[in-house]
Structures are given as structure tokens and as C-alpha cells.
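Here is a short walk through one protein model. Keep the sequence and the 3D view side by side as you read.

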Amino acid sequence: LKIYEILASNIPLVATRIESHTQVLSDDISFLARPEPRELARAIGSALDDPDQSREVAKAARSFYDEHYSRAAYEQKIAALLEVVG
């Protein structure tokens, strides 16, 4: 659940490229790295070294969050479900 909070935070997200992360994350909305110390350090360095790219990734992450995981998106999904079963 922490991933969703960070997506919404306008802070660039650095994560490992493991299945549980890539079910939600992509290179468009986060800085992903293989789960190895040097690769994770490289991804963190990329996020820190290029503030413009970091802002763009964080902005894309926020848009992704708003579209898929925000309260409004949740309410739309529930309303659609109730429409089907009701």
C-alpha cells in the first residue's frame, strides 16, 4: 500500500523491478532497478541527478494514481460494480 501513497505524493518513486512492484509500476511512473545494490544505487542516482526527469516521472505517477487508485476512481469502480450486480 505504500506504493500508492508515494504515487500520489509528487515525489519520484524508486523501487526494485520485482513482480509485486511491476504489477503496478512501470518505467514511465517510477525509477525501477533490478534488486541488486548497485542497480538500486544507480536508480536512486538517476532520480537525484536529473531533477527535470524526476519531476516528469512524479507528475506521471500522480496522473496514474488519480486515474486508477484515487478515491474518485475507487468510487467509480464500486458504482460500476453495483450497476452490474444491482
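A residue counts as buried when its relative accessible area is under 20%, and as exposed when that value is over 50%; anything in between is partly exposed. Keep in mind that the model is predicted.

Start with serine 54. Its relative accessible area is 7%, so serine 54 is buried. This residue sits in helix α4, which covers residues 51-68. Set aside the neighbours within four places in sequence, and serine 54 is in contact with Pro12, Phe31, Ser46, Ala47 and Leu48.

Now move along to alanine 60, also placed in helix α4. Beyond its neighbours within four places in sequence, alanine 60 is in contact with Asp28 and Ile29. Proline 12 lies 48 residues away along the chain, yet the C-alpha atoms of alanine 60 and proline 12 are separated by 9.6 Å.

Next, the nonpolar cores. The largest one has eleven residues. They are Ile3, Leu7, Ala8, Leu13, Ala15, Val24, Leu25, Ile29, Leu32, Ala61 and Tyr65. Two elements, α1 (2-7) and α4, each give two or more residues to this core. A second core is separate and has five residues, among them Phe31, Ala33, Ala43 and Val57.

Finish at leucine 32, a member of the largest core. Which residues does leucine 32 contact, leaving aside neighbours within four places in sequence? The list is Ala15, Thr16, Arg17, Thr22, Leu25, Ser26, Asp27, Arg42 and Ala43.

Terms used. Residues are numbered from 1 along each chain as its sequence is written. This is a predicted model: local features need pLDDT of at least 70, side-chain atom pairs count only at pLDDT 80 or more; totals for chains, interfaces and linings use all residues. Side-chain values use heavy atoms; hydrogens and water are left out. Helices (H or I, at least four residues) and strands (E, at least two) are DSSP runs, numbered from the N terminus. Buried means under 20% relative accessible area, exposed over 50%, partly exposed in between (1.4 Å probe, protein chains only). Contact means heavy atoms within 4.5 Å. A nonpolar core is a set of buried Ala, Val, Leu, Ile, Met, Phe, Trp, Tyr and Cys residues joined through side-chain atoms within 4.5 Å.
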